[in-house]
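In these notebook entries I record what I looked up in one structure, entry by entry.

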Amino acid sequence: MKQYDYLIVGAGLYGAVFAHEAKKAGKRCLVIDKRDHIAGNIYTESVEGIHVHRYGAHIFHTNNKAVWQYVNQFAEFNRYTNSPVANYHGEIYNLPFNMNTFNKMWGVVTPAEAKAKIEQQRAEAGITEPKNLEEQAISLVGTDIYEKLIKGYTGKQWGRPCTELPAFIIKRLPVRFTYDDNYFNALYQGIPNGGYTAMVEKMLDGVEIELGVDYLARKAELDKLADQIVYTGPVDAYFDYKLGALQYRSVRFETEVLDTDNYQGNAVVNYTDAETPYTRIIEHKHFEFGTQPKTVISREYSAEWKKGDEPYYPVNDEKNGALYAAYKQLADAEPGVIFGGRLGEYKYYDMDKVIEVALSVAEKELAE
Ligand SMILES: Cc1cc2nc3c(=O)[nH]c(=O)nc-3n(C[C@H](O)[C@H](O)[C@H](O)COP(=O)(O)OP(=O)(O)OC[C@H]3O[C@@H](n4cnc5c(N)ncnc54)[C@H](O)[C@@H]3O)c2cc1C
């Protein structure tokens, strides 16, 4: 008999949910992570008493009541509502595009006036079949919003001008004809009081954890410890990149402690001009209505990804889709290994979706 029923590779949200469920079902689990902390990319660390989201700002939002109840077992969530603002050369606009944005942009007051303005700009542009992202955006929201709020930001995000980006990237744009600055349409939204790391710590309560362990570097030895492996690392790395490397978009964060209690008055400010080199500034304390004397900000720079960098966003194009499909075949044929999570499935998952899928895989697995 092996020492553990499950060796769970990765102490991120997927690994933590699976481990919690397996432990509850009486299974013996070991969770390992190559990083020196738990919680994967939702890790928050305390700096000046502020919970800093080290791998990018994370706002929990879901329409799934069961998932909302599930996370509330491990943390109490505050009432944070994501309402980013856009800074275009010092002019401030509310996001997502809504009546507050239109009022600031054009002075319009009613939804009918806003719709008429957008329609007029669409018609003036005369685009019938958008050939690129620029034409697509103008035909959806008109020239002013495109020029001030989309052009520079999207160009920085993708590292290319909008005229060189395919139209399909923004098939639809969220446009709201109400005075509602809530970015998400989700029924439930918030930030766990005490940060995400404390929430994951609770999920992993009573589970054995070893940090600073790279599974792939010690695979043969670690495999001997457990009957089953749950692998949440990159699927291509598992197979030693033998079919080639999957591509990602990366983000570089520049984090700074500032000697002021309030730097920008909002958690998220998007810099939508092309000249400012970063895309956003996150001021972490505002996620939890912090009153600390100092503040911590992170400037986000969109970055091309190369092997060795932190992989963030999978690239959903044909080439990478086909490559992942080939790796998925290998993964499906790999005995005794469950591949899961954003890296194991090469998929952009919001947190609620990762929980949903980890719970459903655990339920099936643990019933067997
Ligand atoms: C910039 C950014 C912002 C986001 N914002 C939001 C948001 O606002 N709201 C939202 O709902 N979602 C957001 N997400 C998505 C969220 O981050 C994911 O849903 C979640 O982190 C996925 O959890 P996971 O367990 O699949 O992956 P991860 O958190 O990446 O966990 C995988 C773990 O496996 C470990 N690992 C990998 N390889 C090995 C190995 N060989 N040996 C040992 N350990 C290994 C890694 O170190 C990592 O800790 C965002 C994502 C990004 C990139």
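Before the first entry I note a definition: a pocket is an open set of grid points with protein on both sides within 12 Å along at least five of seven lines, and its lining residues have an atom within 4 Å of a point. I also note that the model is predicted.

**Entry 1: the second largest pocket**

I looked up which element gives the largest share of the lining of the second largest pocket. It is helix α6, residues 143-158, which supplies 6 residues. The space in this pocket comes to about 210 Å³. Sorted by class, the lining holds 7 charged, 6 polar and 5 nonpolar residues.

**Entry 2: the largest cavity**

Rolling a probe the size of a water molecule over the atoms shows where empty space is left. How many cavities of 30 Å³ or more does a search of the whole structure find? The search gives 1. The volume of the largest cavity is about 30 Å³. I wrote down its lining as His53, Gly56, Ala57, Phe253, Ile282, His284, Ser298 and Glu300. The classes in this lining are 4 polar, 3 nonpolar and 1 charged.

**Entry 3: the sheet with mixed pairing**

I reminded myself that strands of a sheet pair through backbone hydrogen bonds, either parallel or antiparallel. I traced an open sheet of 7 strands, and its order reads β7-β6-β12-β13-β14-β11-β15. The pairing in this sheet is mixed. Which strands are at the edges? They are β7 (91-94) and β15, each of which pairs on one side only.

I followed strand β11, residues 248-258, to its partners. With strand β14 (residues 295-304), β11 runs antiparallel and is joined by 10 bridges. Two residue pairs from this pairing went into my notes: Arg249 has Glu304 as its bridge partner in β14, and Glu256 has Ile297. With strand β15 (residues 313-314), β11 is also antiparallel, joined by 2 bridges. There I found Tyr248 opposite Pro314 of β15.

The strands β6 and β7 make a hairpin with 2 residues between them. In its turn, His89 has a positive phi of about 45°.

**Entry 4: the sheet with parallel pairing**

I then traced an open sheet of 5 strands, with parallel pairing and the order β9-β2-β1-β10-β16. Why is one side of β9 (208-211) and of β16 (337-339) left without a neighbour in the sheet? Both stand at the edges with a single partner strand each, so one side of each has no neighbour there. From one strand to the next, the twist averages 20°. Tyr231 has Phe339 as its bridge partner in β16.

**Entry 5: two packed helices**

Two packed helices are described by the angle between their axes and the distance between the axes. I looked up both values for helix α3 (residues 99-106) and helix α4 (residues 111-125): the angle is about 65°, and the axes are 10 Å apart. The crossing of α3 and α4 is left-handed. On the α3 side, Met99, Phe102 and Trp106 make the contact, and on the α4 side Pro111, Ala114, Lys117, Ile118 and Gln121 do. I counted by class and recorded 6 nonpolar, 1 polar and 1 charged residues in the contact of α3 with α4.

**Entry 6: backbone details**

Most residues other than glycine have a negative phi, and most peptide bonds are trans. With that in mind, I noted two places in the backbone.

- The peptide bond from Leu95 to Pro96 is cis, and its omega is near -10°. I located Pro96 in the loop between β7 and α3.
- Ala39 is a residue other than glycine with a positive phi, near 85°. I located Ala39 in the loop between β2 (29-33) and β3 (44-47).

How values were computed:
Residues are numbered from 1 along each chain as its sequence is written. This is a predicted model: local features need pLDDT of at least 70, side-chain atom pairs count only at pLDDT 80 or more; totals for chains, interfaces and linings use all residues. Side-chain values use heavy atoms; hydrogens and water are left out. Axes are lines fitted to C-alpha atoms, for helices over the stretch in contact, and angles run from 0 to 180 degrees between N-to-C directions. Helices (H or I, at least four residues) and strands (E, at least two) are DSSP runs, numbered from the N terminus. A crossing is left-handed if the near helix is turned anticlockwise from the far one by less than a right angle, and right-handed if clockwise. Contact means heavy atoms within 4.5 Å. Ala, Val, Leu, Ile, Met, Phe, Trp, Tyr, Cys and Pro count as nonpolar, Asp, Glu, Lys and Arg as charged, and the others, Gly among them, as polar. On a 1 Å grid over the protein atoms alone, a cavity is a set of points where a 1.4 Å probe fits but cannot get out, and a pocket is an open set with protein on both sides within 12 Å along at least five of seven lines; lining residues have an atom within 4 Å of a point. Grid points are joined across faces, edges and corners, and a volume is the space filled by probe spheres set on the points. Two strands pair if DSSP finds at least two bridges between them.
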